[in-house]
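Hello,

Here is the structure I promised to pass on to you. Please open it beside this email, and then read on for what turned up.

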Amino acid sequence: MTKKLYKNHELYFNRELSWLEFNDRVLQEARNKLNPLFERLKFLSIVSSNLDEFFMVRVASLKDQVNAGYHKPDIAGLTPQQQLQAISDRAHKMVREQSSLFRRSLLPAAAGKGLRFNVPGNLNSEQSLFLENYFKEIIYPVLTPMAVDSSRPFPLIMNRSLNIGAIIKQKKSKANIFATVQVPSVLSRIIELPGNDAGDHSVVLMEDVIIKYIRLLFTGYEVICTSPYRITRNAGLTLEEEEAEDLLMEIEKSLKKRKWGAAIRLEVDHEIDDRLLRVLKNALEISDEDLYRITGPIDLTCLMRLYSLDGFRHLKYSSHIPQIPPEFLKDGEFGASIFETISAKDVFVHHPFDSFEPVLEFVRTAARDPDVLAIKQTLYRVSGDSPIVAALAEAAEKGKQVTVLVELKARFDEENNINWAKRLEQAGCHVIYGLVGLKTHCKVILVVRIEEDGIKRYIHLGTGNYNDITARFYTDMGLFTANEQIGADASAIFNLLTGYSEPPDLYRLEFAPYTLRKAFLALIDRETENAQCGRKAKIIAKMNSLVDGQIIEALYKASTAGVQIDLIIRGICCLKPAIPDISDNINVVSIVGRFLEHSRVFYFYNDGAEEVYLSSADWMPRNLDRRIEILFPVEALSNKKRIIDVLHISLHDTSKARMLGPDGKYRKRSMRGQKPFNSQDYLISEGVLAAAAMHPAEPEIAAATDRDL
Amino acid sequence: MKRKFFVLAGIEISSHDIRMRIAQVSSDGEIKTVESLRHAVQLGSDTFTSGKISFQALLETCDILKQYKHLLSEYRVKNYRAAATGAIREAVNREYIVDQIKIKTGLAIEVMSNAEKRFLTYRAIPYVLPNYGKLKNEGLLIVDAGSASTQISCFCRGSLMHTQNLKVGSLRIREVLSRLETQTTDLKSLLKEYIDCHFDRTEVMLHKLILPNLVIMGSGVRIIAGLCCNPKKPENVKMIDPESFIKLCRDAENDSYGKITREKGLPAHEALILLPSLLIFRKFLELNNPPVIYTPQLSLTDGIVVDLAGNLCRLRGQAGDNDALSSSRRLAEKYCYDQKHSEFVENASITLFNSLRKLHGLTDRHRLLLEIGAILHDAGKYISIKSHYQYSYQIIKSAELPGLSMDELEIAASVARYHSSKTPSAKDISFSGMNPGDRLTAAKLIAIIRLADALDKSHKQKISSIKVETANNEVIIKVDAAEKPLLEQWAFESKAEFFKEVFGVAPVMKIKRESAL
């Protein structure tokens, strides 16, 4: 009976709509006047790039389902068709709000701060001259206009490219011809103009410039109308791990029906000429629900470029310097051996408050240490010019056995991944591309060292990718340890990943897709049992997304039994909190702030013997069933305490945290007249203070110490 | 940096998987596993049906071995042994396979006899089963069901009573019966009948022994322990409650193949051997109803590591040779041997061997082979007095002597074969088929046993003590005798010839007669 009880569609949110709510929270940050102006522009740009990916993957997948004749409702009871309709409604509203915010609020605010968005018709003579030259010398040579007529079919329009469509006709003919030209992606879309007398920055958008001079592209023709447009295509990339198995089979059966690369969204200017729109809609087979008429510029991802403009530091977050944990330091530098430090005790790091430098130092030291036999590491997404890759290559060149497990299929990053994978191979690393059908998502570094009394393993386990750039703005956690059992487990996992061995039994780690789901369910059920026996029971879990039906059921059961459950979920949450007798003990908050919340932390009260785990996995079927993920315990008391503190600090956030209501809406908590508490800012200052306490050279602290003596 | 440990490795290529264990051994004998790997490869299905290993399977094997080699070089392991058992051992093309593995991977593979494999594996048991000694004293039955065969060993009062290999293995059953499986819907009855008909005699033999403890080992054990024991953690020894074992048996009998794969989350090749393994073990579980089933998580790779470690430092609790001797004696008993004569020949052989070390230059391991030959040299008389040495040879050759390689067994058997009238000659195919080193060893041991046997030609143990003096290129054997050993003296002289042929010295027997009181 209980089983059926939790199957009710009413108890769940649809994951796509929940995701759109997350994007809306990003949009709210763009709206928030307390955020610095350039950060607001950046949030606005993120809203756009998020939507792009959402359409290419999620909407595309739903369209595939509809085309395959798959009508099974999701956990919230919506068929793919119904989901598409709901997404379209919500996304249209969001895009309207986004462009209105840009035009009505951010543009005037930017102008007030000396940054003007101009249009070519509104320039002084010096600027006009500059622009004309810029068009003729820089833009014009890279333009490739294409016309459609009986001998030339509709051209292939690149995914996510911005284009200008035009209706033209020969001067003597009556026939209208459709022509299109891509706004070149090799040039910056934002063109900075020479300033005015007031010293303001002034920019124009390239599509406006091309439109202004479009006649030069079609000499001998009359240009009837022009308008920018943009299409998004089905990326058809990462479907496999996203969807349920029965769906995959269904799609496989009707593979022919699947439209690879079909256009799934058309964005046009709201004033587009009807004739032009008709051509585009027909050629791209776009229906009204996939058509987005936008007032103002299309594709605000370009605002990210603005962020790097010189001279606006005061309009961004004050700079933050990540701290190196004092355990590693000796006289302000990395101590004699990072291995001795780790050997002495497990060291916990929390990025970006703690610096990513120890992770780099770990690999670099291993590369140079003569007693190191082997280095093994998983790489999912790394930065362009990654110091990790450089250190691994150096190690291989120094004759170490270096095994790197590269996940090529990290979304939309394939090409980049292949490049540095090649570089590693050339250096002599043993590069492996993982197991067929299972993305390697766990984050592990294993260093094998030969020491006086035996072979010793040093391990770093993390919640986020080995990416020094994102480590500056993603909150992630990591643990350095020399625990023998964890070392043996890490070795076994690498042997599995390299194909040397079959899934082994592990001592301390749980790993997907083998034991992780069971382990999570067992940990939740243990709390449920404790609560049923009248003992205190509590779960705090922090992650990016909660989608998995089985886990949600277990949480409902736990809540019903009286377990206090706090969930800190940045993105999608299909669980519905505060349903009487089902989830009244569950509280869901989402933090969207300066840093992207990314760590996955799991706390269980366990009748007083508290347990804390970190993981690379979210509570999503793809993480639990179709990826290699690990869950690892944090056992040293001080580390455990620090993590529990972080969870409580996050739960007390009243500035960037929003609470999920049973209606699916997220609302900020009432502060009852108190000063808002920003958990990320608090953690920054805490880190700085802790680091300062470690440097007695600071005058005040030195004085205080003297007095105390 | 002075290192206080060694890194060793053992590799096994069995019928259904390839395993490797890398371990470090500290100078005080502590063994710690560093890496443990297992990769399924179905070599057995090739051999058991077609008799050959396919080229495809060979390539797959080499790919895995190359990876293992990579890991060996990662740990800079120099000291390792790689053994092929089961499927490769029985394949008609095994020489080619071993050669190709060597060429493709650089790994020298030794083809290991069943007895040697089991013996090495059992050497590792004390490391994972702390109460092994106690269990052996109380009476212990070890059922080791591999994919190709099952080994039954019983221990009473600490020593091996009996060991027997039966060609019924979990994978072999499936391969052998695969044709019949399509003709019945009642697979479990077919399997049961097949297993019963192969194990019936063993049952009778075991009935006489008190064996309250049960250890099960073999390829299916890992799967069974995984299904019976929770949580899945890498333990050295898992203990299975017989009740949950029986429950699993029932599930496996009643559920379809697909259901087992699905519900138990087993890969197909594991589900395949689950039921036969369970049925084999259940036969022995029902015999003695032990309170708990011990499943040491061991493979040959553990045994190899322990063996290699034993060469480097003193290990604790290693008996070893005694098992081969105690089971030789039990075998001789089975053939109603003349115990007194046998003991005389055994002791005389040992005395001669020990005294003539400078002459023969052989090792203690060779002395073990001599002893086995001596214990069983007349066992063939049970079959026929005429040409009994021929039957003694066959008995040893087909015996299950723990720890002996196939080559060693051949030497021990030759010792028995040529102990009396016949001397080795190139015309005997089995003798000339041995490799030159083994042939020489066998000849030396034969020369010794012939003298030892001659000293009790009358089977009356007239000679009470033997002393050997070697000086001035002479071998003088001084014996005390209660009555005149005329027959012995005559036999000695005729056997001395072969001794001279082998060692270049003619032994002389000197008798000091004890005066009867």
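Let's start where the two chains meet: the side chains of Arg457(A) and Glu35(B) form a salt bridge, with 3.8 Å from N to O. The term salt bridge stands for a side-chain nitrogen of Lys or Arg within 4 Å of a carboxyl oxygen of Asp or Glu. By this rule, five salt bridges cross the interface of chain A and chain B. Strands S13 (372-379), S14 (401-406), S17 (443-451) and S18 (454-462) and helix H15 (484-497) of chain A each give at least two residues to the side of chain A that touches chain B. The largest share of that side, four residues, belongs to S13(A). These labels come from DSSP runs, numbered from the N terminus: helices are H or I with at least four residues, strands are E with at least two.

Before going further, please keep in mind that this is a predicted model, where local features need pLDDT of at least 70 and side-chain atom pairs count only at pLDDT 80 or more, while totals for chains, interfaces and linings use all residues. Residues are numbered from 1 along each chain as its sequence is written, chains are lettered from A and ligands numbered from 1 in the order in which they are written, and side-chain values use heavy atoms, leaving out hydrogens and water.

How many residues of each chain are in contact? On chain A there are 30, and they are in contact with 28 of chain B; contact means heavy atoms within 4.5 Å. Between them the chains bury about 2,600 Å², 46% of it on carbon and sulfur atoms. Buried area here is the accessible area (1.4 Å probe) that two parts lose on being put together, summed over both.

Now look at Asp548(A), in the loop between strand S21 (538-543) and helix H17 (549-561) of chain A. Is Asp548(A) buried or exposed? Its relative accessibility is 3%, so Asp548(A) counts as buried (under 20% relative accessible area; exposed is over 50%, partly exposed in between; 1.4 Å probe, protein chains only). Leaving aside residues up to four places away in sequence, Asp548(A) touches Arg517(A), Trp619(A), Met620(A), Pro621(A) and Leu624(A).

Finally, find helix H13 (residues 268-288) in chain B. Of its 21 residues, 15 are buried, so H13(B) is largely enclosed by the rest of the structure. After H13(B) comes Asn289(B), with a positive phi near 45 degrees.

Enjoy exploring!

Technical notes. Expected span 1.5 Å × (residues − 1).
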